[in-house]
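Welcome, and thanks for taking a look at this model. Below is a short tour of its charged pairs, its strands and its nonpolar cores.

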Amino acid sequence: AVPTSRSSPTASRQRTPSPSPAIGPGLIVFEHFTPGLLTRLEYLPPDRRGMELLPAVPGNQHLAAWSPDGQRLAYSGFDPDIDGSREAIFETDASGATPRSITAGCTPPACLEETSPSYSTDGRQLVFIRTAGAPGGPPTSTVVAIRDLDTHKVSVLEPTRTAYPGAVLEHPSLSPDGRSIVYTKLLLDPDDQATDSLVFVVARDGGRPLALTAAGFKAGDPTWSPDGSRILFGSEVIHHLFGGGAGASYNTFVYTLAADGSAQAP
């Protein structure tokens, strides 16, 4: 859900199959970015050396999220070696099974790409970011959306729609009670470099989005505590998302705040 210049690999990489990870509790999956190449999903085996989860699946893989029961793993991906490849959401599992596409019915210009998945507490829905725009062109807007995994129906939260250029949305997370969604809004300069980011919350049934963090704090990547009373987020996150943008010389720290935006603490 960002300009196409964000991921532009300059070289191919050789991939060798890795042993399948053991299925069970506690498997850590993370992103491994190699400059000039791609972002790939890796897991930590017992020796703590990162191994690719999906070595036979080409392309960019990022923004992974576990289902609450740990049986499924959703992520965003595309293959830059395929003309016209667009960001879409896929689902695999802890064994690295062949991914299946979750994105369906995404037709430009209303839907150009889908990214940043996150499961509901019952695992029956995905909240994600949908990008609008014409094929081959820049996005025109981003918006928070919810897909019912049983019916495949998508609900778009129009109050969150944000025009591009100027800003894009990232990292939505549905509250445990299913009533609210937190997400990141990235502010961009004319060169598509992030200048600031804020954490917003919006009611699932509509209403005006509310900023939970102050301008200039560069907050983002929010997620809910299991009881829904607090929100975990990072500061100075934008340099990880857009390279050398504002904040590139700063460190990232983790904070929490109450669900109403109060009681912020490191």
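## Salt bridges and what surrounds them

Across the whole structure, a search finds 7 salt bridges, each being a side-chain nitrogen of Lys or Arg within 4 Å of a carboxyl oxygen of Asp or Glu. Please keep in mind that this is a predicted model, in which local features need pLDDT of at least 70, side-chain atom pairs count only at pLDDT 80 or more, and totals for chains, interfaces and linings use all residues. Residues are numbered from 1 along each chain as its sequence is written, and side-chain values use heavy atoms, with hydrogens and water left out.

Side chains of opposite charge can pair when their charged atoms come close.

| E91 | R72 | 3.6 Å |

Let us begin with E91 and R72, which form a salt bridge. E91 lies in strand 6 (residues 88-92) and R72 in the loop between strand 4 (60-66) and strand 5 (73-78), so the pair ties together parts that are 19 residues apart in sequence. Strands here are DSSP runs of E with at least two residues, numbered from the N terminus.

E114 is buried with a relative accessible area of 0%, and R130 counts as buried at 12%. Through shared partners, salt bridges join R72, E91 and R100 into one network.

## A hairpin and a buried glutamate

Strand 1 (residues 29-33) and strand 2 (residues 39-43) pair in the antiparallel sense over 5 bridges; pairing requires at least two DSSP bridges between the strands. F33 has T39 in strand 2 as its bridge partner. Of the 5 residues between these strands, G36 takes a positive phi near 85°.

E42 lies in strand 2 and counts as buried at 7% relative accessibility. What does the side chain of E42 make a polar contact with? The partner is the side chain of H32, at 2.8 Å. A polar contact is a pair of N or O atoms within 3.5 Å; within protein, one must be able to donate a hydrogen and the other to accept it, and residues adjacent in sequence count only if both atoms are side-chain atoms.

## Nonpolar cores

The largest nonpolar core has 12 residues in all, including V127, I146, Y183 and F200. Such a core is a set of buried Ala, Val, Leu, Ile, Met, Phe, Trp, Tyr and Cys residues joined through side-chain atoms within 4.5 Å. Strands 9, 10, 13, 14 and 15 each supply at least two residues of this core, and strand 15 gives the most, with 3 residues. A second, separate core of 10 residues includes V182, V199, I231 and F233.

Key: Buried means under 20% relative accessible area, exposed over 50%, partly exposed in between (1.4 Å probe, protein chains only). Helices (H or I, at least four residues) and strands (E, at least two) are DSSP runs, numbered from the N terminus.
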